[in-house]
Amino acid sequence: MTRLVEQDICGIGETMAEYNRRLRDKTGAGLSRVACLAAGLDESLFHGNAAGLTLAAVTVTSGQGAIGGFAETVADIVRHLGLNAFVPKRNDIAGLAEAFERGADIVSVADDDRFVFLNPVRRKVVDNADATGRGFAAALELMANGIEDQDVLVLGAGRVGRSAAAFLAGRGARICLYDIVKATALDASRALQGATGDRIRVEEDFGAALKGRRHIIDATPTAGFLTEDRLDADVLISAPGVPLGLSAKAFEKLVNRVVHDPLQIGVAVMTAMAVRDIIGG
């Protein structure tokens with residue numbers, strides 16, 4: 001997964017209400033609705049069960065080490081959605097043991113390679129890359145007031161981009177997939193073909209891919225490559241990529257037509273998917 005830094009997530013917990021308001025202004029939906037759409041879960045079922053469930057966000061220090069405030073921020077987002085959440089006092093295996101000992105229904109763990117929610121009872125795993133792709137795809141669908149039979153350009157064919165492409169194709173969109181490494185886009189297209197039929201095609205030229213596109217998923221880890229002159233004024237962009245691919249001027253111009261955050265949507269969808277697995281398993 002993209003490795004965040006402490007600066008990316010600083011203050012998220014204290015600004016969740018404002019974040020939710022801004023998301024609603026752009027998409028017509030709050031965070032829980034976006035998450036439930038992405039997870040395929042009825043929002044009333046989610047809220048009806050959330051208060052009875054507890055998540056433990058375990059701090060993991062392996063590899064490059066813990067990101068300052070990461071576990072606490074995950075817990076804050078989950079609490080905002082109505083679940084109980086705590087951060088174990090100890091890290092790593094000791095923290096994992098505490099999570100089990102305190103009866104957590106869901107356990108959050110992340111290292112350099114994966115960020116997952118674990119369901120210890122149902123033995124289910126929710127992966128952040130899949131959840132993030134689905135969440136930002138759902139946000140784009142809501143911004144667009146429906147995505148069926150619409151063309152969507154997905155930039156970046158990694159795990160997040162593939163997940164977004166699969167979700168949107170399943171919702172009836174036509175997907176144009178571009179990756180700076182053509183072989184990666186072709187691999188993704190072949191992998192998704194069975195599930196999406198002929199709704200995904202690969203674009204080889206970046207300029208041609210952008211031309212006239214109104215719906216864009218930016219799932220790349222490259223900063224500032226989407227400049228103002230490359231984008232139409234009526235474009236809608238859902239951007240899970242960190243750092244943000246829009247240049248500062250493009251973002252300023254299109255701010256009300258862009259959904260982007262470092263953690264909130266991905267964690268919210270992980271939560272909805274974990275709740276779905278618990279109540280539906």
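Predicted model: local features only at pLDDT ≥ 70, side-chain atom pairs only at ≥ 80, totals over all residues.
**Entry 1: overall build**

I began with the secondary structure and counted twelve helices and eleven strands in the protein. Next I looked up the radius of gyration, which is 18 Å, close to the 19 Å that the globule rule gives for 281 residues, so the protein is as compact as a globular protein of that length. I also noted the span of the C-alpha trace along its principal axes, about 55 × 35 × 35 Å.

**Entry 2: the sheet of five strands**

I traced an open sheet of five strands in the order β2-β1-β3-β4-β5, and its pairing is mixed. Which strands are at the edges? They are β2 (84-86) and β5 (124-127), each pairing on one side only. From one strand to the next, I found a twist that averages 20°.

I then zoomed in on β1 (residues 54-57), which pairs with β2 in the parallel sense over three bridges.

My next stop was an open sheet of six strands, ordered β8-β7-β6-β9-β10-β11, with parallel pairing. Here β8 (200-202) and β11 stand at the edges with a single partner strand each, so one side of each is left without a neighbour in the sheet. The twist in this sheet averages 20° from one strand to the next.

Within the sheet I followed β6 (residues 151-155) and β9 (residues 215-218), which run parallel and are joined by three bridges. V154 stands opposite I217 in β9. Which helix packs on this sheet? I found α7 (residues 128-143), touching β6, β9, β10 (236-239) and β11. The direction of α7 makes about 160° with that of β10.

**Entry 3: the second largest pocket**

Last, I opened up the second largest pocket, with a volume of about 270 Å³. I listed 14 lining residues, and Y19, R22, K26, V258 and H260 lie nearest the centre. Which elements each supply at least two residues of the lining? They are α2 (16-27) and β11 (258-260), and α2 gives the most, with five residues.

Notes:
Residues numbered from 1 in each chain as written. Heavy atoms only, no water. 1 Å grid on protein atoms, 1.4 Å probe; cavity = no way out; pocket = protein on both sides within 12 Å on 5 of 7 lines; lining within 4 Å. Points joined across faces, edges and corners; volume = space filled by probe spheres on them. Helix = DSSP H or I, 4+ residues; strand = E, 2+ residues; numbered from the N terminus. Pairing = 2+ DSSP bridges. Axes fitted to C-alpha atoms, helices over the stretch in contact; angles between N-to-C directions. Rg over C-alpha atoms; globule rule 2.2 N^0.38 Å. Contact = heavy atoms within 4.5 Å.
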